[in-house]
Amino acid sequence: MTVEMNVQRALFDEVMVPCYSPMEMIPVKGEGSRVWDQNGKEYIDFAGGIAVSCLGHCHPAMVAALNEQSQKIWHLSNVMTNEPALRLAKKLTDLCFADKVFFANSGAEANEAALKLARRYAADVYGAEKSEIIAFKQGFHGRTFFTVTVGGQEAYSDGFGPKPGDVTHLEYNDVDALRAHISDRTCAIMMEPLQGEGGIIAPTDEFIQTVRELCDKHNALLIFDEVQTGNGRTGEFYAYQGLGITPDILSTAKSLGGGFPIGAMLTTNELAEHLKVGTHGSTYGGNPLACAVAEAVIDVVSEPQTLAGVKEREVLFRTGLEKINAKYQIFSEIRGKGLLLGAALNEKWQGRARDVLVAAGEQGLMVLVAGANVVRFTPSLVISKQDIEQGLEKLDKALASLTN
Ligand SMILES: *Cc1c(COP(=O)(O)O)cnc(C)c1O
């Protein structure tokens, strides 16, 4: 029996490490794109966690998969394999360029595996000198020490002592800088195919083509961090599939589990060979419960009508946001792809993305920010048209309250 406990927001400050600053309300229930807090107040969810709840909250297919697997077996070590992991790996490799999968529990861990594989491959095939990782400013790859160092925000990686070495940061979309810098010493380029945390920044076609061309020229691997863009978010199953190039390694997490923790690193047979027995591992990676849920998620997301539905919903969001902007003149641009959208604040509203988030919350709408100047929308990929309309009405009211 658990003892009755008064669980309020104030308890956070008492018992939790202060690395987050959560909102006052505490959600206790979710269904589809609706969420309710402790006081019964209803919210429309345009955030989906942070691009995680791709089928909304408590989707019946996910609940069924979790319930079913929870009666069978929850955990095995990697001394054995398990059926859900094998089924999920087979489906993921069928859905993209990859032949092989490594399962982890988060985006950072999937990226950590990607970076270690790139370093190991370069060392095995070309020698120890080939160790440089090129990444991009404002990029985000997770919070382990290697991934946060590769990420392009020093504020996140400074202050923890000596960093993993040989990481270079260049400007995203700067073709000339990349051309000038890359060399045969470059082991890999790691990038997001659409920067999420950095402010919803799309790559130019020229940049994408040049990255691939220069990687080939210098025998460097191309790592796409699709932790945020993957699993249908942009209207393709993986974002690279809409860009006309193929990476060598791809990481995925967030929407993969739809709310259950899982991550994966995907790669080719040729590269996978270099992660021999004992070179890498994870206790929970490939956990049967996580893999069973993820399998149910990707079965729904990979349906052509789900992916087509993302593009339809993008149009509804863009049209609605433009209409709101015509009224309040607060955004300079609506950008992004699929249901990874950013409304960039104009000159007059610089630094006020968080104010919009708070005002939206008061109206019963959950949105996100991406930096101080971009309001971010990453709703469920199957959010209803009615929820989109009603959510946009709430945003309208929130902006009305802010502009008054
Ligand atoms: C969220 C995110 C990560 C980190 O994922 P975690 O599951 O928090 O470790 C890495 N890369 C990108 C692009 C992300 O958006």
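In this predicted model, the buried residues of helix H12 are covered by elements that include helix H11 (288-301) and helix H14 (385-403), together with strand E11 (331-337), strand E12 (340-345) and strand E15 (374-377). The residues of H12 that lie under this cover are Thr306, Leu307, Gly309, Val310, Arg313, Glu314, Phe317, Gly320, Leu321, Ile324, Asn325 and Tyr328. Helix H12 itself runs over residues 304-328 and has 25 residues, so at 1.5 Å a residue it should span 36 Å; its end C-alpha atoms are 36 Å apart, in agreement with that value. Just after H12 comes Gln329, which takes a positive phi of about 50°.

Two residues of another part of the chain can be followed next. Asn231 is found in the loop between strand E8 (221-225) and strand E9 (249-252). Because its relative accessibility is 1%, Asn231 counts as buried. The side chain of Asn231 makes a polar contact, at 2.7 Å, with the side chain of Thr252. Neighbours within four places in sequence aside, the contacts of Asn231 are Phe237, Tyr238, Thr252, Ala253, Ser255, Leu256, Ile298, Val301 and Leu381.

Leu243 also lies in the loop between E8 and E9. Its relative accessible area is 17%, and buried means under 20%, so Leu243 is buried. Once neighbours within four places in sequence are left aside, Leu243 is in contact with Pro193, Ile208, Gln209 and Phe224. Pro203 is 40 residues from Leu243 along the chain, and the C-alpha atoms of the two are separated by 9.4 Å.

Around the ligand stand Ser106, Gly107, Ala108, Asn111, Phe140, His141, Gly142, Glu192, Asp225, Val227, Gln228 and Lys254. By type, the residues of this shell are three nonpolar, six polar and three charged. Helix H5 (residues 107-126) supplies the largest share of the shell, three residues.

An N or O atom in the side chain of Asp225 is 2.7 Å from a nitrogen atom of the ligand. A nitrogen atom of the ligand is also 3.2 Å from a polar backbone atom of Phe140. An oxygen atom of the ligand, in turn, has a polar side-chain atom of Gln228 at 2.7 Å. On its own the ligand has 390 Å² of accessible area, and the protein covers 81% of this.

Notes:
Residues are numbered from 1 along each chain as its sequence is written. This is a predicted model: local features need pLDDT of at least 70, side-chain atom pairs count only at pLDDT 80 or more; totals for chains, interfaces and linings use all residues. Side-chain values use heavy atoms; hydrogens and water are left out. A residue is near a molecule or strand if one of its heavy atoms lies within 4 Å of it. A polar contact is a pair of N or O atoms within 3.5 Å; within protein, one must be able to donate a hydrogen and the other to accept it, and residues adjacent in sequence count only if both atoms are side-chain atoms. Accessible areas come from the Shrake-Rupley method with a 1.4 Å probe; for residues, only the protein chains shown count as cover. Helices (H or I, at least four residues) and strands (E, at least two) are DSSP runs, numbered from the N terminus. Ala, Val, Leu, Ile, Met, Phe, Trp, Tyr, Cys and Pro count as nonpolar, Asp, Glu, Lys and Arg as charged, and the others, Gly among them, as polar. The expected span of a helix is 1.5 Å times one less than its number of residues. Buried means under 20% relative accessible area, exposed over 50%, partly exposed in between (1.4 Å probe, protein chains only). Contact means heavy atoms within 4.5 Å.
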